[in-house]
Amino acid sequence: MTRPAPDADTTGPISHTAQAQRRILRVLVASQILSGAGLAAGVTVGALLAQDMLGTTNLAGLPSGLFTAGSALSAVAVGRISQARGRRPGLATGYLTGAIGSAGVITAAVLDTPVLLFIALFVYGAGTATNLQARYAGADLAQPNHRARAVSTVLVATTLGGVAGPNLAAPTGDLAETLGIPHLAGPFMLGGAAYALAALVLAIWLRPDPLLTARTLAAAEQSGNSAIDRSPDTDLAHERRGGVALGALVMILTQLVMVAIMTMTPVHMHDHGHGTAASGLVIAIHIGAMYLPSPITGRLVDRYGPPKIAAASGLTLLAAGILAATAPGDSVALLALALALLGLGWNFGLVSGTAIITDTVPLATRAKTQGTVDVSIAIAGATGGLSSGIVVATASYPVLALTGGVLALAILPAIAATASSR
């Protein structure tokens with residue numbers, strides 16, 4: 001007989017599980033508030049720091065590409081650790097790795113060493129991967145008709161740190177200069193501290209472990225039902241594969257489009273005479289739109305189903321791309337609105353795609369599959385980040401924004417194809 005994992009909670013009825021879920025969500029919310037600040041630091045000044053150190057715009061998208069590429073590797077690691085040992089060690093390890101990457105970025109800036117900067121940004125990407133993986137932990141013990149809302153609760157917590165982080169870019173830069181550190185490396189001081197504190201919160205308080213507890217409860221329910229038909233269900237397996245493919249595609253496209261446009265917006269604003277404070281405000285609005293609507297999005301997904309909200313994601317990203325492409329470079333208000341729509345479209349895609357994956361994948365392989373899906377998402381983000389600077393350098397920012405918006409429409413035929421195959 002398989003012994004229950006030591007971190008799993010096997011006592012009590014459904015009400016006790018609900019109580020554990022509430023505690024888990026509170027801890028995840030606290031960690032996400034902290035990690036949101038760490039996530040926002042690199043987004044706000046990463047491209048500007050690379051541009052300053054390299055003296056060219058062509059590789060300004062490289063930082064975003066590097067820490068999203070790093071997040072791809074980290075997504076695998078976090079997923080596998082979570083699969084084997086639970087969410088708590090997986091998530092805590094990911095955030096601690098992000099903190100180490102932040103320290104590396106600061107060191108690279110002080111030494112003016114681009115190679116070290118790129119390596120550190122790659123390591124820093126672990127924080128981004130972990131921030132996204134945490135949403136799955138919120139759904140492990142949730143009731144099926146409340147999973148999207150549980151995911152959205154974890155996501156919305158990122159808003160507080162995510163909005164505060166960019167607006168602290170200027171003051172943390174000033175603090176860095178007083179310590180003899182380059183101004184643009186200042187936000188990474190905040191990012192490193194935030195990631196380290198998030199790791200500490202999870203390591204101490206994420207008990208019981210949600211994934212291990214969910215597995216134990218599922219095993220107990222299965223063993224108590226002697227009438228279970230254990231024969232393979234070919235149609236169910238086919239539906240699961242289709243669900244994983246659709247959920248992954250929705251999140252991949254939304255991530256690629258969002259990262260590409262977001263990465264080059266601060267550079268676009270800088271080229272039109274705007275300072276760090278203005279670009280920080282626009283990015284703060286963008287990150288707020290990425291996470292703040294999550295509770296509403298979760299309810300919409302639970303009520304109307306993930307495919308409809310995924311379709312809304314594609315249309316919203318198209319609107320964002322058109323507005324970003326046509327907005328005058330000197331208009332902070334219109335660029336902020338475009339980035340808000342960009343964040344909202346990403347939110348629709350992430351919540352609906354996550355719900356599809358969580359509803360489709362069984363507990364036995366859930367963490368591993370989720371980690372693999374997030375690798376694809378991270379690779380898409382890396383592609384968007386790396387290509388964005390090249391597209392802007394060879395064409396223009398409006399071309400990049402419009403291309404991204406049109407690309408997002410590919411979500412619609414994917415939804416139709418999946419629906420027709422069932």
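**Close-up views of a predicted model**

**View 1. Confidence along the chain.** The protein chain has a mean pLDDT (the predictor's confidence in each residue, from 0 to 100) of 84, and 87% of its residues reach 70 or more. This is a predicted model: local features need pLDDT of at least 70, side-chain atom pairs count only at pLDDT 80 or more, and totals for chains, interfaces and linings use all residues. Residues are numbered from 1 along each chain as its sequence is written, and side-chain values use heavy atoms, without hydrogens and water. Helices are DSSP runs of H or I, at least four residues, numbered from the N terminus.

**View 2. The largest nonpolar core.** This core holds 98 residues. A nonpolar core joins buried (under 20% relative accessible area, 1.4 Å probe, protein chains only) Ala, Val, Leu, Ile, Met, Phe, Trp, Tyr and Cys residues through side-chain atoms within 4.5 Å. L28, L91, L117, F188, L342 and Y397 have the most contacts inside it. Helix α1 (residues 14-54) gives the largest share, 12 residues.

**View 3. Surroundings of L342.** Neighbours within four places in sequence aside, L342 is in contact (heavy atoms within 4.5 Å) with V257, M258, I261, M262, H286, L317 and A320.

**View 4. Helix α11 against α12.** The axes of α11 (residues 294-304) and α12 come within 7 Å and cross at roughly 130 degrees. Axes are lines fitted to C-alpha atoms over the stretch in contact, with angles from 0 to 180 degrees between N-to-C directions. T297, L300, V301 and Y304 of α11 meet P306, K308 and I309 of α12.

Definitions and conventions: Buried < 20%, exposed > 50% of the residue type's maximum accessible area, 1.4 Å probe, protein only. Helix = DSSP H or I, 4+ residues; strand = E, 2+ residues; numbered from the N terminus.
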